[in-house]
Amino acid sequence: MLNFKSPKALVFALIIIYNLLAASTVSSQGQLQVGFYSKTCPNAESIVRSVIQKTFERDPGSAAVLLRLQFHDCYVEGCDASILIDNGEEGERKASGNLGVGGFEIIEEAKAKLEGICPGVVSCADIVALAARDGVALVKGPFYEVPTGRRDGKVSSKSLADNLPEVDDSIQLLKSKFRQKGLSDRDLVLLSGGGHTIGLTACFFMQARLYNFTPGGGSDPAINPEFLKQLKSKCPFQGDPNIRIPLDPVTDFIFDDQIFFNIKNGFAVIASDARLYDDENTKRILESYVSSAVGNSSSSGSLPSFKADFAKAMVKMGNLGVKTGSEGEIRRVCAAVN
């Protein structure tokens with residue numbers, strides 16, 4: 001027991017109290033929060049938004065690219081911008097599940113502008129999250145608050161990306177991969193299916209579904225017969241694998257719930273979207289958004305909002321495995337560790 005009549009004991013006690021308070025402060029600083037840069041770089045979010053706006057004006061497809069980039073970043077080692085590190089053939093970018101992922105140069109452009117104003121302050125991981133949000137908003141999707149304060153990871157390895165969701169995964173495997181990350185079946189419907197309301201896919205990802213889905217070379221029976229003819233004409237057997245087609249052929253540059261109608265009616269373009277209708281729970285969730293869109297009352301008497309729920313799922317995903325406080329670093333350039 002300390003004798004507070006002793007000056008040395010009093011000083012010692014004060015030091016302990018100070019250290020406890022300091023540890024508490026570090027802990028609180030280690031949490032993501034909206035407006036994290038309000039004092040250190042007040043214009044951070046507006047600078048990112050201006051870059052995304054200009055990019056979108058040149059290429060409206062960039063919104064989908066940035067949305068996909070965040071998903072692929074967060075799914076490996078958490079949301080730490082590890083996918084941005086360009087470290088050769090063994091890097092995370094080169095994983096098979098990351099084939100076709102882009103947007104790196106857009107993030108780098110935003111980073112360069114921020115470094116010119118607030119050097120060493122804003123992480124590449126936060127730029128990825130903000131850019132995805134801003135891209136979604138530009139195609140009439142929800143604008144939601146993004147908690148920031150992520151720090152950048154220092155590791156990028158192709159081997160760490162082995163468990164990414166794949167286009168030809170079964171619904172059981174997709175659900176399992178999402179659950180391993182703490183994401184629910186609803187998150188799967190929203191992020192995997194709903195996220196495909198915008199963007200393109202390559203014929204490369206269609207071959208198995210169109211020509212080798214069943215023994216003997218059959219097609220996925222979930223595809224509407226007339227739509228199957230259209231898909232085969234765009235992606236012929238052993239044709240150019242790089243031809244790109246819209247994931248939502250109806251409203252491909254508008255963030256809306258049309259994708260769920262497509263899936264329900266056999267017009268899903270890629271297999272992983274169609275698989276959402278193979279499971280009773282994901283099917284029920286998907287149909288609840290269809291019902292909401294047409295104004296039908298659900299059994300519970302309330303209708304879900306696709307855009308509001310999508311925003312919540314994005315924030316939830318954006319919290320996966322984040323590095324904060326003293327973890328990671330703030331990269332000077334996003335393609336390389338410091």
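The model is a predicted one, in which local features need pLDDT of at least 70 and side-chain atom pairs count only at pLDDT 80 or more, while totals for chains, interfaces and linings use all residues. Residues are numbered from 1 along each chain as its sequence is written, and side-chain values use heavy atoms, with hydrogens and water left out.

With bonded cysteines counted along the chain, their pattern is 1-4, 2-3, 5-8, 6-7.

One of these disulfides connects cysteine 41 and cysteine 118, with an S to S distance of 2.1 Å. The link spans distant parts of the chain: cysteine 41 belongs to the loop between helix H1 (7–29) and helix H2 (44–58), and cysteine 118 to the loop between helix H4 (104–117) and helix H5 (124–138), 77 residues apart. Helices here are DSSP runs of H or I with at least four residues, and strands are runs of E with at least two, numbered from the N terminus. Because the torsion about the S-S bond of cysteine 41 and cysteine 118 is about 80 degrees, this disulfide is right-handed. Both cysteine 41 and cysteine 118 are buried; buried means under 20% relative accessible area, exposed over 50%, and partly exposed in between, with a 1.4 Å probe and protein chains only.

Cysteine 74 and cysteine 79 form another disulfide, with sulfur atoms 2.0 Å apart. The torsion about its S-S bond is 120 degrees, and the link is right-handed. Cysteine 74 has a relative accessible area of 2% and is therefore buried; cysteine 79 is buried as well, at 1%.

A disulfide also joins cysteine 124 to cysteine 334, at an S to S distance of 2.1 Å. Since cysteine 124 lies in helix H5 and cysteine 334 in the segment after helix H13 (306–317), the pair ties together parts that are 210 residues apart in sequence. The torsion about this S-S bond is about -95 degrees, so the disulfide is left-handed. Cysteine 124 counts as buried at 0% relative accessibility, and cysteine 334 counts as buried at 1%.

The aromatic side chains are considered next. Rings of Phe, Tyr and Trp (its six-membered ring) pair if their centres lie within 6.5 Å; planes under 30 degrees apart count as stacked, over 60 as edge-to-face and the rest as tilted. The count by this rule is 13 aromatic pairs. In one of them, phenylalanine 71 and tyrosine 75 have ring centres 5.6 Å apart and planes at 25 degrees, so the pair is stacked. Phenylalanine 71 is buried, with a relative accessible area of 14%, and tyrosine 75 is buried at 4%.

Tyrosine 75 also pairs with phenylalanine 178: the ring centres are 6.1 Å apart and the planes stand at 55 degrees, so this pair is tilted. Tyrosine 75 is in the loop between helix H3 (62–74) and H4, whereas phenylalanine 178 is in helix H6 (residues 171–180), 103 residues apart. Phenylalanine 178 counts as buried, at 1% relative accessibility. Elsewhere, Phe255, Phe260, Tyr289, Phe306 and Phe310 form one aromatic cluster.

Charged groups also meet ring faces. The charged end of lysine 181 sits over the ring of tyrosine 75, 5.3 Å from its centre; the criterion is NZ of Lys or CZ of Arg within 6 Å of the ring centre and within 35 degrees of the ring normal. Arginine 93 lies over the face of phenylalanine 104, at 3.8 Å from the ring centre.

How values were computed. Disulfide = S-S within 2.5 Å.
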